[in-house]
Amino acid sequence: MHDESGKGADYGSSAGGATAAIAKNGHAVSPNGYNPAITPTPPQQSDTRVSSPVPAPAAIIPRDQWGGKYEFLLSCIGYCVGLGNVWRFPYLCYRNGGGVFLIPYFIMLFVTGVPLFLMELSLGQYGSAGPIMVWKCCPLLKGIGIGMLCVSTLVCLYYNVIIAWTFYYLGSSFQSPLPWSCDAVANVAICANRTVGNSSSGRPRSPTEIFWNEKVLGVVNSEGLHDPGPVRWPLALCLLAAWIIIFLCMLKGIRSSGKVVYVTATFPYFVLIVLVIRGATLEGSLQGVAFYLTPDWSRLANAQVWNDAASQIFYSLGIGVGGLLSMASYNKFDNNVIRDTIVITIGNCGTSFFAGFAIFSILGHMAWRKGVPVGEVADRGPGLAFVAYPEALALLPGSVFWSIMFFLMLFMLGVDTLFGNMEGITTAVLDEFPNLRRNTFHKSLFLGALCFTFYLMGLLLVTDGGIYWFTLIDSFSTSFGLIIITLFMCIGISFFYGVNQFCQDIIDMICHCPPWCSKVLIYFKACWVFCTPFLLLFILIYIFLEMYNTPLHYGSYVYPRWGKGLGVCMGATCCLQILIWAIVAISKETGSLQERFRKAIRPLNSWRVNNLNSAAGSQEHVEPERVEAPYTVTLTDQDFTAITWEMGSSA
């Protein structure tokens with residue numbers, strides 16, 4: 001770069017100072033901007049360069065930035081702290097031996113979760129780009145960004161359906177008595193005679209189960225995947241309202257969503273604190289807390305425990321879906337990404353652990369009221385949030401108020417997570433088509449079309465048999481495909497881009513890097529190179545063995561082979577993007593296969609220009625080339641050997 005600058009200065013002198021004039025205006029002179037071989041005399045070249053406009057730098061559309069570091073922190077915390085912290089973590093905890101589950105959980109957190117979280121935040125912040133454009137650092141792996149986009153699309157498709165269910169319950173909570181409580185007229189007979197409405201398992205069904213399965217889902221009217229039935233229009237209207245809210249909150253990008261999180265990310269903590277205090281006063285609450293914390297040491301030898309711990313870390317931290325990359329891309333270049341990683345990951349997992357006390361104290365009270373073990377009152381997945389919790393809320397004094405507060409909390413938890421997933425999609429598209437950033441109307445039109453498309457696709461999930469499709473997408477969208485994507489991301493950055501170079505990039509971003517940051521990076525380097533890939537590979541092998549031997553089911557319904565095959569295709573579609581785009585990148589290169597591979601893993605020249613986001617960097621760095629067109633995998637020698645190309649041209 002120093003040689004190029006010197007050459008530009010020499011040329012500027014011979015050209016009558018035209019280059020100096022351009023440099024004075026703060027614009028870098030591209031080495032491709034002239035060709036001495038076709039320039040007859042220096043004066044002509046000088047006239048040409050002066051008379052020709054220099055629109056390229058002016059046409060650069062600046063990216064938005066967070067209004068402050070707290071907006072980014074709250075957005076990431078809101079993105080990570082979601083519904084998985086409320087129902088998924090406690091369920092996995094007591095299913096896998098109670099308190100002993102915390103051991104593999106925290107091991108997975110510090111060996112896979114935190115390192116991968118830091119990798120995504122650092123990559124997005126340094127590159128100042130979304131999940132696709134950021135792979136200019138290693139064009140061979142552009143398919144990782146495409147795969148992240150596929151995963152994020154599947155997650156957005158079904159996640160907003162949970163928010164629609166929350167809307168439905170929130171609206172129903174304004175009735176007194178609650179429609180799923182024993183005080184409701186329709187449920188008096190059921191509560192008086194527990195033999196009424198027996199389930200297929202032989203145990204009596206509670207009013208909350210009947211409300212969930214018949215009033216909300218309508219699953220009793222469907223026979224399975226092959227029989228979705230008609231759309232349930234109350235749920236369809238709730239889903240439409242949910243997508244309208246998401247559209248309005250994201251209309252102005254992070255300038256609007258960054259302000260919304262001040263409420264949506266903090267309100268759930270208020271409700272959780274209230275629920276913990278209220279739960280501690282309930283009869284039988286200690287029974288639930290004891291079940292939550294009592295360890296079963298023999299379960300540590302079970303591979304299922306370790307797999308569940310890893311899946312929960314990925315699920316709750318939002319790793320590998322592009323949301324973290326996109327949100328970090330709007331940071332200032334000199335933001336302390338190591339500090340943010342530690343605060344967010346520990347805050348997220350601490351929330352899960354804290355939420356367990358609120359949940360199990362209430363479940364202990366339910367078990368005491370019913371006279372059954374705690375393990376029999378909590379169901380897996382959505383059943384815990386929409387069956388067990390409503391039943392617990394109906395038992396509390398002032399049940400209407402607590403029900404409104406609880407489902408309002410679930411709504412905000414879901415919205416924050418969906419913000420991050422949608423941000424991953426929109427940022428990737430806006431990076432590929434930067435003109436959308438300039439035209440507010442076209443950007444709004446694109447966002448509206450995206451939300452409406454998701455709404456139309458989501459209608460399948462609000463039919464009578466929609467819960468079967470919901471479970472299928474939920475089971476496979478973040479399964480082996482997500483593990484493969486993160487595994488290749490870790491290997492690509494560590495071995496193709498270079499782990500030493502990546503650590504140096506992090507140090508460059510943190511202008512005044514404290515000594516502890518440099519020391520912590522030694523630990524992260526060891527994880528990225530050895531520990532994290534090894535554990536991810538172990539989890540991947542176990543997932544394939546479990547997927548082959550374990551049937552997928554929802555309740556008593558066992559999924560047919562073709563349905564399970566469809567789910568496998570969903571996951572395979574996401575991870576196969578890595579192979580497809582790697583083949584495309586190599587095929588566009590020239591030379592032998594080895595030379596093509598080497599060219600495809602080298603960063604583009606325009607990769608380093610992204611550090612101009614910092615105020616200091618904009619004055620200290622002058623980059624000779626800048627790629628403003630949509631990024632493709634078509635690479636030439638100009639991207640890597642601009643000086644050599646220029647000298648060859650002049651010859």
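## Aromatic contacts

One aromatic cluster is formed by Tyr158, Tyr159, Trp165, Tyr168, Tyr169, Trp180, Phe211, Trp212, Phe386, Phe406, Phe407 and Phe470. The model is a predicted one, in which local features need pLDDT of at least 70 and side-chain atom pairs count only at pLDDT 80 or more, while totals for chains, interfaces and linings use all residues. Residues are numbered from 1 along each chain as its sequence is written, and side-chain values use heavy atoms, with hydrogens and water left out.

The structure holds 43 aromatic pairs. Rings of Phe, Tyr and Trp (its six-membered ring) pair if their centres lie within 6.5 Å; planes under 30 degrees apart count as stacked, over 60 as edge-to-face and the rest as tilted. Trp180 and Phe407 make an edge-to-face pair, with 6.2 Å between centres and 75 degrees between the planes. Trp180 lies in the loop between helix H8 (142-172) and helix H9 (188-192) and Phe407 in helix H19 (residues 399-432), so the pair ties together parts that are 227 residues apart in sequence. Helices (H or I, at least four residues) are DSSP runs, numbered from the N terminus.

Lys142 lies over the face of Trp581, at 5.1 Å from the ring centre; the criterion is NZ of Lys or CZ of Arg within 6 Å of the ring centre and within 35 degrees of the ring normal.

## Salt bridges

How many salt bridges does the structure hold? There are two, each defined as a side-chain nitrogen of Lys or Arg within 4 Å of a carboxyl oxygen of Asp or Glu. Side chains of opposite charge can pair when their charged atoms come close.

In one of them, Arg232 and Asp464 bring their closest N and O atoms to 3.0 Å. This pair links distant parts of the chain, 232 residues apart: Arg232 is in the loop between helix H10 (207-217) and H11, and Asp464 is in the loop between helix H21 (440-458) and helix H22 (466-477). Arg232 is buried at 18% relative accessible area, and Asp464 is buried at 6%.

Asp340 and Arg339 also meet in a salt bridge, at 3.3 Å from N to O. Asp340 is buried, with 2% relative accessibility, whereas Arg339 is partly exposed at 30%.

H19 has 34 residues and spans 50 Å from its first C-alpha to its last, close to the 50 Å expected at 1.5 Å a residue; the expected span is 1.5 Å times one less than the number of residues. This helix is mostly covered, with 31 of its 34 residues buried.

On the surface, Leu237, Leu240, Ile244 and Leu248 form a nonpolar patch with about 360 Å² of accessible area together. Patches are made of residues with over 30% relative accessible area and no salt bridge, nonpolar side chains (Val, Leu, Ile, Met, Phe, Trp, Tyr) being joined within 5 Å. Accessible areas come from the Shrake-Rupley method with a 1.4 Å probe; for residues, only the protein chains shown count as cover. Ile244 belongs to helix H11 (residues 233-250) and is partly exposed, at 42% relative accessible area. An α-helix has 3.6 residues a turn, so residues three or four places apart point the same way.

## Backbone and C-alpha distances

Most residues other than glycine have a negative phi, and most peptide bonds are trans. Ser176 and Pro177 are joined by a cis peptide bond, with omega about 0 degrees; Pro177 lies in the loop between H8 and H9. Ser128 has a positive phi, near 50 degrees. Ser128 sits in the loop between helix H7 (102-127) and H8 and is buried at 5% relative accessibility.

The table gives C-alpha separations.

| Residue pair | Apart in sequence | C-alpha to C-alpha |
|---|---|---|
| His512 and Asn336 | 176 residues | 9.1 Å |
| Tyr94 and Val374 | 280 residues | 9.4 Å |
| Glu376 and Leu363 | 13 residues | 9.6 Å |

His512, in the loop between helix H23 (480-509) and helix H24 (515-549), is exposed at 74% relative accessibility. Tyr94, in helix H6 (residues 83-95), is buried at 10% relative accessible area.

Terms used. Helices (H or I, at least four residues) and strands (E, at least two) are DSSP runs, numbered from the N terminus. Patches are made of residues with over 30% relative accessible area and no salt bridge: like charges are joined within 9 Å, nonpolar side chains (Val, Leu, Ile, Met, Phe, Trp, Tyr) within 5 Å. Buried means under 20% relative accessible area, exposed over 50%, partly exposed in between (1.4 Å probe, protein chains only).
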